[in-house]
Amino acid sequence: MNRTLIDRVLTSRGRLAERVGHLRDIRKDAEEGGCGVVGFCCSEAVAGRHIYEPSKQMHNRGNGKGGGIAAVGFVPKQLGVSRDVLDNYYMLHIAFLDPGVRSALERKYIEPYFEVASSCELDKVDDWQSVAGLEVCPPDVCRYFVRAKEPVLDAFIKENQLDGLDRSAAEDEFINQNSFKLNQEYYASLGEQQAFVLSHGRNIMILKVVGYAEAIVKYYKIEDLCAHVWIAHQRYPTKGRVWHPGGAHPFAGIDMALVHNGDFANYHSVSEHLKQRNIYPQFLTDTEVSALLFDLLNRTYEYPLEYIIEALAPTTELDFDRLDPDKQKAYRAIQATHIHGSPDGPWFFIIARNIARENKYQLLGITDTAMLRPQVFAFCDGEVQVGLIGSEKQAIDATLQSLSEDDPRVCPVADRYWNARGGSYTDGGSFIFDLKKDAEGKIRIGCTDKFGAAVPLPTASQACDFTAEVDASELDAQVITIDRLFDSKGAVGVFEYVVDHIRQWTYEDIRAICRTISRLGAEKRHTSVAIDALTLLNDRKYSTGSKKRSHIVHLQLTELYRLFRGLPRLGADAATENHYRLVDFDNRDALCEPPEEEAVLVIDASGFPPEGDDCDAAVLKRAFMKGWRRFIVFACRGQRYVGCGLGPDTDDVTIDVYGSSGDYLASGIDGLTITVHGNAQDQLGQIIKRGKLVIHGDVGQTFMYGAKGADVYVLGNAAGRPLINSVGRPKVVINGTSLDFLAESFMAGDPLTGGGFVILNGVRCNDDGKVIPLEEPYPGSNLFSLASGGAIYVRDPEKRLVDQQLNGGAYVALTSRDWDLILPYLEENERLFGITVSDLLTVDSRERHPAEVYRKVVPLASVVAQNLAGTDDTAWADEHLELAAD
Amino acid sequence: MARCSAQENSLKEILPENTLRTRVAQTQVSREVRPAPGRYRNEIAKYIIRRNDDCIRCGKCVELCPRGVHVDKPGYKYFAEPKLDRCIGPACEKTDHYCVAQCPQSALRMVENPMMKVLGDCRWPADMILATWKMAETGDVPAEEFGLEHECGATGGGFDRLRFKFPDKPPVKLSPDEIDTSIELNKRDDGRPRITIDVPWYGGGMSFGSVSNVTQLSKARAAVAWNTFTCTGEGGYMERMRPFDDHVITQVATGLFGVREETIQRVPIVEFKYAQGAKPGLGGHLLGDKNTIAVSRMREAVLGISLFSPFPFHSVYSIEDHMKHLDWIKHLNPRALLSTKVSTPTDVDMVAVGSYAAGTHIVHIDGGYGGTGAAPDIAKKNIAMPIEYAIGRVHRFLEAEGARDKVTLIASGGIRVAQDMAKAIALGADGVVVGTSELVALGCVRCSRCESGRGCPRGIATTDAVLATKMDIEWGTQRLINLYNAWYKELVEILMRFGMRSVKELRGRTDLLMHLDYSNDVKAKS
């Protein structure tokens, strides 16, 4: 769009605002914190009930005062219209808080302007109170398929001198302005709100309630309504005793719906930026402003998506310097224009779009530059493709689980899970799923980052048929082999046997083997070996040939859970010889003392609430107080606080966690060992004191904040802000990397005299299970900032780290004392993850001297401190701080 | 031990054995008021009596003075330094024992102590400091003849412009023992203990590092005596605090220094410090010089390095993160009440109601008038909403949201004297947190050098081994017990004048207050 036209569009909006008497002062109504957000897209149109489970999973991220969902890409038949109408007509969804105004509204805002191809009132449940999770009666919603009448549009174009504008763009603008007027009259200007536009795009629908998002699915009976893209939002407004669904997310732009997790600090500045462009919010939340901003950049300025993302989440610091000069030039111009309109503070957007012009649907997630909100992306490739975005991994897992129950072609384990690095030169802090028709007219999903680079996915493509039953004859053949291995070589023997053969085996063979292991595990003498063997298959990375690793993981997890669920239930069978006991939500009250010292309590977490007195972590704590020391927690669905609250000196306790483990796991532990068999979520290991934490995957935001100690091993990456404000003696091995702000304000003494350190290996395992270096050991702009103690040992043979990443730190050479210190941790790392010390020391196929491979980062401040040491008051401290022994 | 055996048993059901093993017998401290004179030989006084060479040591002044200002020790050539803090100054002129007038040699002269011009500041004028010392010494409000203004400061704003509108005579005649000054800290019906404190205040969080262990322990012991609480701040939980566990609030603040599962499990109340009213948005600072061996050991940090607590909780960027944070502490300690301490931004009302919704028991709003010398002036005087506005705003908002009777509202930040406390309650708080007043009771002169070097020259806010031992725990305890007693008496007096049987009746009674800028009441203005 050229400049004149942009000006004319903006001027037309200004006239409009004047005409409807919009209040021009900037207000913000509801104070909001974070929320729960999830979105997914699927190459097949999938039913609304699949947004139900993930929404429910996010209950504790909302407070039931606002929920919403949006869907894009419908099936024409289900809506009772033709393909042509669905593709070309605007789907106007209007919420009537007061159904009495409907005919007047239609007479004023619909009939005069639009050609209506079809309209209907959305079906709903008769008694709203019968739907759990609703606070007030949801509005009646009417759907109209409309196009602007030709003469009306002509007049609009003429009045606003938009002749040069593409006619469809002019129609978009007309729709937009009509909705603005409608909202102003029936919603924003009134004390008593009567009606408002939910959404006004093509092939897109938004629904909102005062309640939890999943209630929408039930209330409007859309369990079976199919669409390609779904997003949902659980809101947590803090103000007001009366809420209106108008304030709930998602918010609409033309052909788009946006949900937001966070709260910007500069709402007023962003609003001012919009006001200068004659755009006025009507619902007074920062999410509406976000949607308006995106719509402005997209529809009025017609920026390509990359530039829109740059305007929202600017590239800064080292990341900016690492951009191409051309890109820097463009970005600098964008930042100069839009920095005041760039949301500042914690935010994460999920946006669903229908890009009619390019005949595609889109789902994207954008994180803020400082990465202050948690976010996870995932992709499931195959015949049916699924792309997912969530504030937490647990919501993604719940979606996949729900989808796979309907369609066995979808595996509940995604092929890849990853995080975005906000405002970065690597991925731009944003990932985009495009749903486009291929040559055969089938919708396929491509996933790219902000710069258009495709997200690498595992190359294996052979899918497993999860519906197939296990062949019993196959089993008998395997039992003898496995049984022998169990006795002779234990779990490792079984694991090696499987890994040696897995490339040649079919999925059926693998399933038979896993089933055999699981069956044999039912015998007392085999239980622990069977669990260990299946766990190794889950944890370790190895070549699976053309078979998908995610599918194999799902197979063996299914069998592992089968084994767990077959163990003797607590209380039911006191006479059993097995020392494992299963507890689930239903028999949690049967908790008693352990039958023997070595007894293992196996907790089926699936039925437990995520927190509170009845959560699985509380049961675990009660069991600990009754004398249990060994625990397995499986089938987690985001339950929090596992391992917390057991108190000091718990060295004899071990906890193994399977499934979507939740936030705050292992926070505060003092002595115990906790192993997470898979990816972990946010805020793990807060104030962790002592003990051991092993994570066979990635870990989320603010890992080990304020940690005091413990030995910690992470197979994958740690997201933003790991180890902030850590003191004491934490010793951490991260095999992947961290997004940014690693070990800020680290204060953990001198590693060579017992203080803490982080070993950052900057490697990953490729599809063949081989250890390969990441492109960069640490891409973030801030490493070890303001640290005063401890050290970071980075595997950086190429010397990719630069001084600019440091703020108060220095690179020093690795000494033999350093190597002697870290070697035992690397050896333990080798034992746990199979990443050998020799792998790590090998560069370009040659094993190097450690000093050539590892660099040490130390704080400059510690050098100063040693010269500053004051009078020695140790004796005084002993006397005056410690409790007298009396 | 016997007294709390029932409680110990119930603890067994909710806390792990290893935590309970660290529990020690809880110390009891008597509430009795005992004289606790200043710890320096010559306490700073408002007036000075100078004696010139004309004195013939006739001893008349010693005879005359009923307060024993003049001290003539037998066997000495000269008079000893007079006990000037006992002198009531010009108020004595009208009496028949005014030494200056009656000295046969006219050798005595009275002047105002020039130090009064430099001691304190507008918020804490010299009079108020001296009065607080008197309270800490005697357990009583200083007698009127001392002429020490202790109800208001000289800021010309804040609490200093607010006055109570007392009725001419009380509507009901009550005796002091009929007055209830206790408040309840848990108003949620959530199965957690319904903790009641005997007076509507508790001690503010000051870390070991910012103040000495002697100061912390004195505060703790006074809290035990008055059945209220003290707070550890965020510098770790000193082992020596354990005999007072039941009266300790431990802080989970943004630096997480010294916070361990075990320390959280020890206490009945856990406080989340999101911000301090004196320096909102600035986090915490402990400058390197105060980070001694003892401090660095408690915090497990590096010796001699300035320690910063970040300005946000990196794990909490939103309200649902806050809820998760609270749930975590609730999980660790199933008997703990939770307090959320926030500063007073313009949307403090929303923050308060959000915290309530997230499950906190106590909303603690900290205004900008408080803060020791460690808080930068630029912050102390310029950020955050004045506390007297914030209290009313939060109180009314909580009422409008229907949440007022389910949450305890505590105000802090510049509550200097009992009058301030009563005003804060009349504005809508349930109770207050005191900080600086306690330090003044321990001998603080408001020199505002808390942060520099090894800290306090009076050995209060210091970590220097030598300076800290200048103060004795027994003495410190007694000073605070006495201060509390004086406050208690003053509060009872105020309630009696209003004819109220309970301090709870005073809450939110803004109709009993007036603001001098908006009042024509000449009597009050004078």
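Domain 1 of chain A and domain 2 of chain A have C-alpha centres 45 Å apart. Those bounds come from an automatic or database domain assignment. For chain A the assignment gives domain 1 (3-449), domain 2 (472-564) and domain 3 (697-868).

Now the contact inside chain A. Domain 1 of chain A puts in five residues, and domain 2 of chain A puts in five residues. "In contact" is for two residues whose C-beta atoms, placed from the backbone, lie within 7 Å. On the domain 1 side there are four nonpolar residues, no polar ones and one charged. The classes: Ala, Val, Leu, Ile, Met, Phe, Trp, Tyr, Cys and Pro are nonpolar; Asp, Glu, Lys and Arg are charged; the others, Gly among them, are polar.

A word on the source. This is a predicted model: local features need pLDDT of at least 70, side-chain atom pairs count only at pLDDT 80 or more, and totals for chains, interfaces and linings use all residues. Residues are numbered from 1 along each chain as its sequence is written, with chains lettered from A in the order in which they are written.

Last, the two chains together. Chain A brings 67 residues into contact with 53 residues of chain B. Which helix of chain A gives the most to that side? α24(A), with five residues. At least two residues each come from α19 (616-625), α23 (860-868) and α24 (874-881) of chain A. Helices here are DSSP runs (H or I, at least four residues), numbered from the N terminus. By class, chain A's side has 26 nonpolar, 24 polar and 17 charged residues.
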